[in-house]
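Thanks for coming. I will take a few minutes on side-chain packing.

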Amino acid sequence: MARGSRSVTSSKWRYCHPSYYLKRPKRLALLFIVFVCASFIVWDRQTLVREHQVEISELRKEVTDLQNLLDELNNKQGGTAGKIDVRRKATKSSKEVQDDPIDIERREKVKEAMLHAWGSYEKYAWGQDELQPQSKNGVNSFGGLGATLVDSLDTLYIMGLNEQFQKAREWVANSLDFNKDYEASVFETTIRVVGGLLSAYDLSGDKVFLNKAREIADRLLPAWNTPTGIPYNIINLSHGQAHNPSWTGGESILADSGTEQLEFIVLSQRTGDPKYQQKVENVIAQLNKTFPDDGLLPIYINPHSGAAGYSPITFGAMGDSFYEYLLKVWIQGNKTSAVKHYRDMWEKSMKGLLSLIRRSTPSSFAYICEKNGGSFSDKMDELACFAPGMIALGSSGYSADDSQKFLSLAEELAWTCYNFYQSTPTKLAGENYFFHSGQDMSVGTSWNILRPETVESLFYLWRLTGNKTYQEWGWNIFQAFEKNSRLESGYVGLKDVNSGVKDNMMQSFFLAETLKYFYLLFSPSSVIPLDEWVFNTEAHPLRIVTRHEEGLVENLNEKQKPLTRLGGRKEGRSG
């Protein structure tokens with residue numbers, strides 16, 4: 001038994017002895033192949049584990065960094081916008097994730113300014129149209145429609161001020177009443193109230209805003225009941241009686257009659273009801289019948305005959321936003337053949353604009369002069385400083401050579417507008433400027449009422465060129481507002497930009513436009529991207545929707561989705 005056991009044991013261990021394989025080369029080769037394969041499998045698995053561990057470590061670091069950024073933004077009242085900001089950035093490359101620290105700091109400063117303005121309005125003028133900061137009371141400049149509140153809805157939403165937005169939303173739902181025995185401006189009510197409500201709807205998807213927009217639009221519609229369909233500019237919101245201001249001699253104002261197209265077309269798109277779009281597009285059809293080759297119309301139009309009156313031609317007050325909307329309706333319709341006639345009219349107007357360009361001496365500041373009959377006036381309104389942004393926005397629709405020509409002109413005009421600010425002791429622009437041979441520019445009407453037009457153009461030029469110089473100019477203007485216009489109870493304009501004497505009004509467009517454009521100037525281009533949104537003349541972003549040949553798109557009401565958030569020309573406005 002003992003020998004038999006040793007024999008079995010020896011037969012088992014022979015496979016471990018080298019001599020066994022030296023006598024059997026095929027088995028040696030097989031053993032070598034098995035060894036190599038096993039070694040490769042083990043090595044490859046260890047490599048994969050190490051790479052996986054490195055990836056996990058990097059992802060954990062990114063999560064930690066993003067969480068820290070989220071906490072920082074939430075601590076600065078970024079709220080929901082901060083959360084969505086992080087998620088959007090996390091989907092991009094590491095290069096795009098980086099946000100310029102200077103931009104972040106400046107954006108937060110602008111948001112703080114908005115919180116200060118909004119908090120003052122909430123404290124002293126809640127539900128009224130505008131705040132008078134020095135006397136700390138509200139005033140109903142627009143018939144008691146809560147103009148500042150409605151004008152500010154989208155600014156609050158874009159800045160991620162969710163608590164403030166929700167409180168304003170509740171006021172709109174429960175307290176906004178349009179049954180006012182008040183002679184309202186069709187233009188102002190459209191761009192501020194209809195536009196503000198539609199923008200809040202497009203951003204949030206909350207139908208309370210759409211329903212309110214439709215309600216006020218229905219009260220405005222009788223203004224278009226004229227022989228030509230060119231609207232009267234004033235209407236009683238309660239009785240529906242419409243007329244024109246006495247000081248126009250019964251004429252309709254060009255900007256007031258040609259700056260409702262965006263809002264009413266969008267309202268038809270969102271509701272599926274074509275009547276709003278039909279009213280405003282008929283105006284353009286009437287004007288296009290006799291549209292001049294240079295595309296320039298006087299500021300007064302007869303609503304009974306459609307004829308243009310003998311009156312000034314200007315890209316400033318009472319003319320400006322008519323030209324702006326020719327371009328923007330084309331953009332909002334996604335530049336299809338259904339809206340090509342708007343672009344064609346706009347390009348004619350740009351030929352006319354070129355005929356109004358002059359340059360000062362000795363500094364060669366480009367400016368847009370005004371025309372009355374055959375005579376020209378070397379005057380430019382600050383209101384006309386929307387034009388550089390408009391021209392830059394429309395330049396991409398031209399051929400390469402013409403596109404560069406118009407973009408260069410836009411940059412020249414923006415430099416002039418920036419110098420409207422830099423040329424005064426307060427570094428804030430006056431209402432208009434005159435140009436004199438050998439003396440460049442001098443301020444004419446010297447008040448400043450917190451207007452947005454220059455900042456608007458800087459925003460467009462920064463978005464379209466990437467040139468950070470425009471951000472620096474904008475920051476200088478923002479600091480001038482902070483220094484001269486900020487009070488403990490809000491922001492005010494200046495009665496005189498030379499002396500710095502303050503007025504007693506915080507215009508609603510300061511929150512709707514000026515602060516919004518400042519905020520977007522220091523935000524990534526993914527915030528309200530220009531290939532998805534178009535701004536009305538009160539800076540209310542509206543979604544771009546492809547227009548078809550039949551004109552009216554399908555009812556978008558049921559398809560509306562809220563925006564994934566990151567983080568106007570005003571004729572006759574006075575302080």
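This is a predicted model: local features need pLDDT of at least 70, side-chain atom pairs count only at pLDDT 80 or more; totals for chains, interfaces and linings use all residues.

Residues are numbered from 1 along each chain as its sequence is written, and side-chain values use heavy atoms, with hydrogens and water left out.

Val193 lies in helix H9, residues 186-204; helices are DSSP runs of H or I, at least four residues, numbered from the N terminus. Val193 is buried at 4% relative accessible area, where buried means under 20% with a 1.4 Å probe, protein chains only. Beyond neighbours within four places in sequence, the contacts of Val193 include Leu145 and Ile216; contact means heavy atoms within 4.5 Å. Leu145 is 48 residues away along the chain, with 7.9 Å between the C-alpha atoms.

Now the core. The largest nonpolar core has 147 residues, and Leu197 is among those with the most contacts inside it. Such a core is a set of buried Ala, Val, Leu, Ile, Met, Phe, Trp, Tyr and Cys residues joined through side-chain atoms within 4.5 Å.

On to rings. Rings of Phe, Tyr and Trp (its six-membered ring) pair if their centres lie within 6.5 Å; planes under 30 degrees apart are stacked, over 60 edge-to-face, the rest tilted. The count is 30 aromatic pairs. Tyr157 and Phe165 are edge-to-face, because their centres are 5.1 Å apart and their planes at 75°. Tyr398 and Phe406 are stacked, at 4.5 Å and 10°, and both are buried.

Technical notes
Helices (H or I, at least four residues) and strands (E, at least two) are DSSP runs, numbered from the N terminus. Buried means under 20% relative accessible area, exposed over 50%, partly exposed in between (1.4 Å probe, protein chains only).
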